[in-house]
Amino acid sequence: MLRIAVPNKGSLSEPAISILAEAGYKTRRRGRELVLTDSTNDVELFFLRPRDIAVYVGRGSIQAGITGRDLLLDSGTSAIEHRALGFARSTFRFAAPLGKMTSLADIAGKRVGASYDHLVRRYLTEHGIEAEVVHLDGAVESSVRLGVADLIADVVETGSTLKAAGLEVFEEPILESEAVLITREDCVDDPALATLDRRLQGVQLARSYVLVDYNVREGDLDATIEIAPGFDSPTVSPLMNSEWRAVRVMVPAKGVNLVMDRLHEAGARGIIVTELTASRL
């Protein structure tokens, strides 16, 4: 039975549960159960703290899990990223008092406040910077004003919180993070993991594409196919009127209205867009 770790709280939790549900797994709990057995799919879901998931996977207690790339890298375990899932995106940046620092070289010998101290320490080591990394569980932005750190390394969204604390970002991002499916090297070839991975990929594709159906005269068919060639190839079927063809094609959901406009200009008629709920490609 495949064991899958799922975040039990925070910004990762609901999207992780949602993608697993769309992939066909049982995710509904009667209460606050920590373990949910899905006998139909031969899996067990373990609802754990997001920060602990990489630890359990890395130590072999659980074969797969969904967590943040930042939490995976900060865990220092042997767990590995298997697939990026595209939600819960965040950016890690260095931030210092206004006008104080502009480059990595300025960090040398300073104190860096961070909740993800292992990640930050490794990043600095890789770039040849010696600095003290001060571990903080929260309120990282206040650490400079309180004299605990000279600068911070933290998640940056709008930057408004940093600005309120008198800080500004500098240098390139430390990390672009998002939710990821993680596992271990010795589980990569597990058929159960392959099924999970394939299902999650199917959900990602279904979320990213829509199905477009339209009718077009045979003389205009090539022009419309050039506009929307499809994921692999469009499906083209004859209609009762032999001069017309019915076309079905997958199109990226983003920008589909522009594609519809172009198809109409090229001669397509009766254009219909249908959302996808699942796929296997």
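Modeller: Before we start, two strands pair if DSSP finds at least two bridges between them. Keep in mind that this is a predicted model.

Biologist: Fine. Which residue stands opposite valine 212?

Modeller: Valine 273, in β15, stands opposite valine 212. Strand β12, residues 209-217, pairs with β15 in the antiparallel sense over five bridges.

Biologist: What holds paired strands in a sheet together?

Modeller: Strands of a sheet pair through backbone hydrogen bonds, either parallel or antiparallel.

Biologist: And in what order do the four strands of the open sheet run?

Modeller: The order is β13-β14-β12-β15, with antiparallel pairing. β13 (235-238) and β15 (269-275) are the edge strands, each pairing on one side only. From one strand to the next, the twist averages 20°.

Biologist: New topic. Which domains does the chain have?

Modeller: The assignment gives domain 1 (2-87 + 177-206), domain 2 (90-176) and domain 3 (209-275). Between domain 1 and domain 3, the C-alpha centres are 37 Å apart.

Biologist: What does UniProt list for residues 49-201?

Modeller: The unreviewed UniProt entry lists them as "domain: ATP phosphoribosyltransferase catalytic". In this model, the span 49-201 is 27% helix and 31% strand.

Biologist: What volume does the largest pocket have?

Modeller: About 620 Å³. It is lined by 24 residues, and the closest to its centre are Ser11, Asp70, Leu71, Tyr116 and Val155.

Biologist: Which domains does that lining draw on?

Modeller: Domain 1 and domain 2 each give at least three residues to the lining of the largest pocket. α2 (50-58), α3 (69-75) and β9 (151-156) each supply at least two.

Biologist: How many of the lining residues are charged?

Modeller: Nine are charged, alongside eight nonpolar and seven polar residues.

Methods: Residues numbered from 1 in each chain as written. Predicted model: local features only at pLDDT ≥ 70, side-chain atom pairs only at ≥ 80, totals over all residues. Heavy atoms only, no water. UniProt positions renumbered as here; feature names shortened; annotations may be inferred. 1 Å grid on protein atoms, 1.4 Å probe; cavity = no way out; pocket = protein on both sides within 12 Å on 5 of 7 lines; lining within 4 Å. Points joined across faces, edges and corners; volume = space filled by probe spheres on them. Nonpolar A, V, L, I, M, F, W, Y, C, P; charged D, E, K, R; others polar. Domains from an automatic or database assignment. Axes fitted to C-alpha atoms, helices over the stretch in contact; angles between N-to-C directions.
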